[in-house]
Amino acid sequence: EKVHSKQVKLELIERNSHRMLELVDQLLELSKIDSGHLKLILKEGNCTNFLSSLVEAFEFQAIEKRLLFTTQIKKNTDNHYYDKDIIEKIVTNLLSNAIKYTPENEQIEFSTEITNNQLEIIVCNSGSSIKQEEVSKLFERFYQVNENFSGAGIGLALVKELVELCKGKITTTINKGKLCFSV
């Protein structure tokens, strides 16, 4: 019994320390963007294969949380130049938020397509409690929609900054409880 209790506490400590490290990393990224020190590092590769590998971990998390997770990554056999780290941070933040804020038995949809060398990423989740008037505030640093959820409110602010660094745009729509981010 005592060994099990210690194991549970150690796992909690480990999870929390990983979360703290993620938050510090995100704050550092924002600081680099603010100071103009974060530059795009473009490398050639197959972006759709990379996106498929990123999504796999979230499929498992969604199953654990009893969410219906659908992906539609339009395959593209061409190689493109993209910043792997930035794409990973954008996708990871959007999907982490979707999983965190989607109630049990609701749905998350992830889709991507490359058209004319432009990557489009769409992440939607049903069961959202966000109101239309809150949508514009989602990208503000340290904004939290609901104090009942843990979070520092920097993930979406970072996503917006990274998207803009890539000369892209992000839009948010909400319709009948379905929240969609389109990058």
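This is a predicted model: local features need pLDDT of at least 70, side-chain atom pairs count only at pLDDT 80 or more; totals for chains, interfaces and linings use all residues.

Directly after helix H4 comes lysine 167, a residue with a positive phi near 60°.

**Overall architecture**

The chain contains 4 helices and 7 strands. Their order along the sequence is α-β-α-β-β-α-β-β-α-β-β. The chain has 183 residues, and 36% of these count as buried. Its accessible surface amounts to about 11,700 Å², with 52% belonging to carbon and sulfur atoms. Of the contacts between residues at least 6 apart in sequence, 68% join residues at least 24 apart.

**Helix H4 and its packing against H3**

Helix H4 spans residues 155-165 and packs against helix H3, residues 84-101, at an angle of about 145°. The two axes are 9 Å apart, and the crossing of H3 past H4 is left-handed. On the H3 side, the contact is made by Ile86, Lys89, Ile90, Asn93, Leu94 and Asn97. On the H4 side, Gly155, Leu156, Leu158, Val159, Leu162, Val163 and Leu165 take part. By class, the residues of this contact comprise 9 nonpolar, 3 polar and 1 charged.

Which residues of H4 are buried? They are Gly155, Leu156, Ala157, Leu158, Val159, Leu162 and Val163. Glutamate 164 also has its place in H4, but this residue counts as partly exposed, because its relative accessibility of 41% falls between the limits of 20% and 50%. The C-alpha atom of glutamate 164 is separated by 9.9 Å from that of valine 183, a residue 19 positions away along the chain.

In soluble globular proteins, nonpolar side chains tend to be buried together. In this model, the largest nonpolar core has 40 residues. At least two residues of this core are supplied by each of helix H2 (47-64), strand S2 (68-73), H3, strand S4 (107-115), strand S5 (118-125), H4 and strand S7 (178-182). The largest share, 8 residues, comes from H3.

Leu95 and Phe110 are the residues with the most contacts inside the core. Phenylalanine 110 lies in strand S4 and counts as buried, because its relative accessibility of 1% is under 20%.

With neighbours within four places in sequence left aside, leucine 95 is in contact with Val55, Phe58, Phe69, Ile108, Phe110 and Val123.

**Cysteine 124 in strand S5**

Cysteine 124 lies in strand S5. Is cysteine 124 buried or exposed? Cysteine 124 is buried, because its relative accessible area of 5% is under 20%. Leaving aside neighbours within four places in sequence, cysteine 124 is in contact with Gln107, Ile108, Glu109, Lys178, Leu179 and Cys180. Threonine 173 is 49 residues from cysteine 124 in sequence, and the C-alpha to C-alpha distance of this pair is 9.2 Å.

The C-alpha separations given in this report are collected below.

| Residue pair | Separation along the chain | C-alpha to C-alpha distance |
|---|---|---|
| Cysteine 124 and threonine 173 | 49 residues | 9.2 Å |
| Glutamate 164 and valine 183 | 19 residues | 9.9 Å |

**Positive phi in loops**

Asparagine 105 is not a glycine, yet its phi is positive, about 70°. This asparagine 105 lies in the loop between H3 and S4. Asparagine 105 is exposed, because its relative accessible area of 63% is over 50%.

Lysine 176 likewise is not a glycine and has a positive phi, of about 50°. Its location is the loop between strand S6 (171-175) and S7. Lysine 176 counts as exposed, because its relative accessibility of 82% is over 50%.

Definitions and conventions
Residues are numbered from 1 along each chain as its sequence is written. Side-chain values use heavy atoms; hydrogens and water are left out. Buried means under 20% relative accessible area, exposed over 50%, partly exposed in between (1.4 Å probe, protein chains only). Contact means heavy atoms within 4.5 Å. Accessible areas come from the Shrake-Rupley method with a 1.4 Å probe; for residues, only the protein chains shown count as cover. Axes are lines fitted to C-alpha atoms, for helices over the stretch in contact, and angles run from 0 to 180 degrees between N-to-C directions. A crossing is left-handed if the near helix is turned anticlockwise from the far one by less than a right angle, and right-handed if clockwise. Ala, Val, Leu, Ile, Met, Phe, Trp, Tyr, Cys and Pro count as nonpolar, Asp, Glu, Lys and Arg as charged, and the others, Gly among them, as polar. A nonpolar core is a set of buried Ala, Val, Leu, Ile, Met, Phe, Trp, Tyr and Cys residues joined through side-chain atoms within 4.5 Å.
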